[in-house]
Amino acid sequence: MAHIASTASATFLALQRGSVQQSKSFPGFSRSRGIQSFLFTNSPRKRLQVRLFSSGTNRSNGDIVEISESEKKLRNYVWPDTRKPRVCILGGGFGGLYTALRLESLVWSDDKKPQVLLVDQCERFVFKPMLYELLSGEVDEWEIAPRFLDLLANTSVQFLQDRVKLLQPSDHFGMDGQPASSCGGTVHLESGLSIEYDWLVLALGAETKLDFVPGATEFALPFSTLEDAIKVNNKLKTLERKYFGKDSQISVAVVGCGYSGVELAATVAERLKDKGIVRAINAENMICPSAPPGNREAALKVLSSRKVELILGYLVRCIQRVSDLESSDTLTGEGENQGNQSVYDSDKFVLELQPTQRGLKRRILEADLVLWTVGSKSSLTQIEPSDLSSPLPLNGRGQAETDETLRVKGHPRIFALGDSSAIRDSRGRILPATAQVAFQQADFTGWNLWAAINGRPLLPFRFQNLGEMMTLGRNDAAISPSFIEGLTLDGQIGHTARKLAYLLRLPTDEHRLKVGISWFTKSAIDSVASLQSTLTKVLSGS
C-alpha cells in the first residue's frame, strides 16, 4: 500500500512470508550485510517475518515495500535479545539522536548493554540551527540533514521510521500498592506496530503553532523543519522568477523577532538585495529581548544595512489572501497602502496588524510571502491519551513535567528532554527549548539510563549556558560566549567561529569529516573567486 510510505514509511522493511526470496525485495542483500530478522506476531497460527534494516546496512534509495491491510494489523515487535534491557527513543532530533549515540559510547557489561531502538517520523536528522544556510546556498542538504541509517551505520542502534500514536506506560504499577509490571510500558505506532520497552525516552520535539491567528495556517509558512526550509526556498525561487526584470519588489513579512525571526529576516534580505523588501513584525518593542546586548546590537546593525523594516509593538490579527477580499475598501488603516488607490495583486496576502501599545494605530501590510516564527507546541500533545490511570503529567505547553534527573514525574522508567521536557532551572524557570539545552540533556539522559540500568545513583541535570550564537547572513554572524563577559564576535569572525562550533557539534566523527572537507573546499573556491574578482577590478582600473 502506498499509504504505508506516508505513515510507517516502511524504509526499514523487507517483508518475507515463509521462504519468499529475499532478493526479490532487496536485490543483492544478504544477512551478512547487516539485515537482521525480527518477528511480528498476531496469532500462533500466523507469523510474518519482517527484516529490519540495522544501522550497518547499506542499501539503495527507494527500497520501500508495500504492506497489506491485514499485515498492518500485526502488532507485536520482538526485540532481538529477550535478556538485555530494551530502550526505545521516540524522536530523532538533538535530544533523541544524541541520547542514542551517548548510550552507544558508554562502557557496558555484555549482559547490561541495552538494545536501542530510535523511532522518528522522518528518515533524516536535521541540524536545525543551520536551516537558514539552505536559503543562502551556503550548505547542501546532505550536510545538515543526513539520513539516520547513514549516521548509525557503525552502531548497534536500530532505526524505525514511523509515527507515535499512543503511549501506555506501566512503570507506575508497583507504586501505591499496585501490582508491578514486567516491562516499562508499550508504544503504539500509526503503522499498527506495538513496541514493549523497559526504558523510554521522549524527545519528540515541537511544531510551529499557527492556529491561534486566523489565516496563518492557510497562508503563512513556518520555518522549523527541513520540509519548511525547502518550501520557503522554492517559494522564493518562484517569486524571483516572477519579478525578474520588473520594477516592483518582492515583499516578505517575517512574523516574530526572536532569534529565528531575526536570522530569517537577515538571510532573506541578503538573498533578495534590492529586488525585495523584508518587514519583520514583533509584539515587543525590541528584537531578541532575551539575547545578550552584543548579539542584539550586531543584529540591528545588519538589519539596518539591509534595509529590513522593523515593525515593533504589533501583533498579527489576521492574514487574508487579496483575492478573497471583496474590495480594497476593506483594507483601511495606517501603513503602506493608506492614501493610495493601488490595485492589489491577487496572489498576495494582507496582514492586519494590531498595536500592543498605546499611541500606535492599526496597520495593514501586503506581502508576497509570510514567514511565521512565533509560537510552538510540543508534539506530545498529538499523541492519543492513554486510558490508564496514570497519564503523563503535561504542563500547559504540552511538555512533560520532569524531576531534576530528567525522569517524568510518576514514571521512573520514562525520561523526557528537549521540547518534550518542562525541567526548570535553579530559579524555577522552564529552560528554553534550544539546541544547546537538548545537547546537554542528551548527555545526562544517556548517563542516567546507564546508571539506572546498572543500579547506580542518577545525576541531577544542571544546564551550563555556554553562550549564544546567531547567523546574520552568508558571511555574517554574532556570538556572545558566556565565559567572557561582554565579548561579542560578529561579522566574518563570528561567522567562522559559529560554523566551527557547529561542525564540532555534528552527530558523528564520519559525518563531521565529510562536512568539514566539503566546507573547506567551498571556502577555498570562494577565496579563489574573490581573489580573481579583485585582480580583475585592479587590472581594469589600471
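The model is predicted, so local features need pLDDT of at least 70 and side-chain atom pairs count only at pLDDT 80 or more, while totals for chains, interfaces and linings use all residues. Residues are numbered from 1 along each chain as its sequence is written, and side-chain values use heavy atoms, with hydrogens and water left out.

**Stop 1: the whole chain**

Show the chain as a cartoon. The chain has 14 helices and 26 strands. Both are DSSP runs numbered from the N terminus: helices are H or I with at least four residues, and strands are E with at least two. Of the 542 residues, 50% are buried. Buried means under 20% relative accessible area, exposed means over 50%, and partly exposed lies in between (1.4 Å probe, protein chains only).

Contact means heavy atoms within 4.5 Å. Among contacts between residues at least 6 apart in sequence, 70% join residues at least 24 apart.

**Stop 2: the nonpolar cores**

Select L97, F127, V252, V262, V268 and L472. These residues have the most contacts inside the largest nonpolar core, which has 86 residues. A nonpolar core is a set of buried Ala, Val, Leu, Ile, Met, Phe, Trp, Tyr and Cys residues joined through side-chain atoms within 4.5 Å. In soluble globular proteins, nonpolar side chains tend to be buried together.

Which residues does L97 contact, leaving aside its neighbours within four places in sequence? They are G91, G92, L118, F125, F148, L151, L152 and P507. Next, select W79, V119, L167 and Y197, which are among the 23 residues of a second, separate core.

**Stop 3: a parallel sheet**

Select strands β13, β21, β14, β15 and β16. In that order they make an open sheet of five strands with parallel pairing. β13 (221-222) and β16 (309-312) stand at the edges with a single partner strand each, so one side of each is left without a neighbour in the sheet. Two strands pair if DSSP finds at least two bridges between them. β14 (residues 250-255) and β15 (residues 276-282) are joined by six bridges. Within this pair, I250 stands opposite G276 in β15.

Stay here and show the side chains of R279 and E309. They form a salt bridge, with the closest N and O atoms 2.9 Å apart. R279 lies in β15 and E309 in β16, so the pair ties together parts that are 30 residues apart in sequence. R279 is buried at 13% relative accessible area, whereas E309 counts as partly exposed at 27%.

**Stop 4: other salt bridges**

A salt bridge is a side-chain nitrogen of Lys or Arg within 4 Å of a carboxyl oxygen of Asp or Glu. By this rule the count is 25. Select E123 and R147, whose closest N and O atoms are 4.0 Å apart. E123 is in the loop between β6 (115-120) and α5 (132-136), and R147 is in the loop between α6 (141-144) and α7 (148-151). E123 is partly exposed at 31% relative accessibility, and R147 is buried at 11%.

Then select D211 and K209, which meet in a salt bridge at 3.1 Å, N to O. Finish with R86, E196 and D198, linked in a network of salt bridges.

**Stop 5**

Select β25 (476-481). Is this strand mostly covered or uncovered? It is mostly covered, with six of its six residues buried. D476, A478 and S480 point one way, while A477, I479 and P481 point the other way. In a regular strand the side chains alternate between the two faces of the sheet.

β24 and β25 form a hairpin with two residues between them. G467 has P481 as its bridge partner. On to β26: two bridges join β25 to this strand, again antiparallel, and A478 has D490 as its bridge partner there.

Last, select F483, I484 and L487. They form a nonpolar surface patch with about 300 Å² of accessible area together. In such a patch, residues have over 30% relative accessible area and no salt bridge; like charges are joined within 9 Å, and nonpolar side chains (Val, Leu, Ile, Met, Phe, Trp, Tyr) within 5 Å. F483 sits in the loop between β25 and β26 (489-490) and counts as exposed at 66% relative accessibility.

Key. Accessible areas come from the Shrake-Rupley method with a 1.4 Å probe; for residues, only the protein chains shown count as cover.
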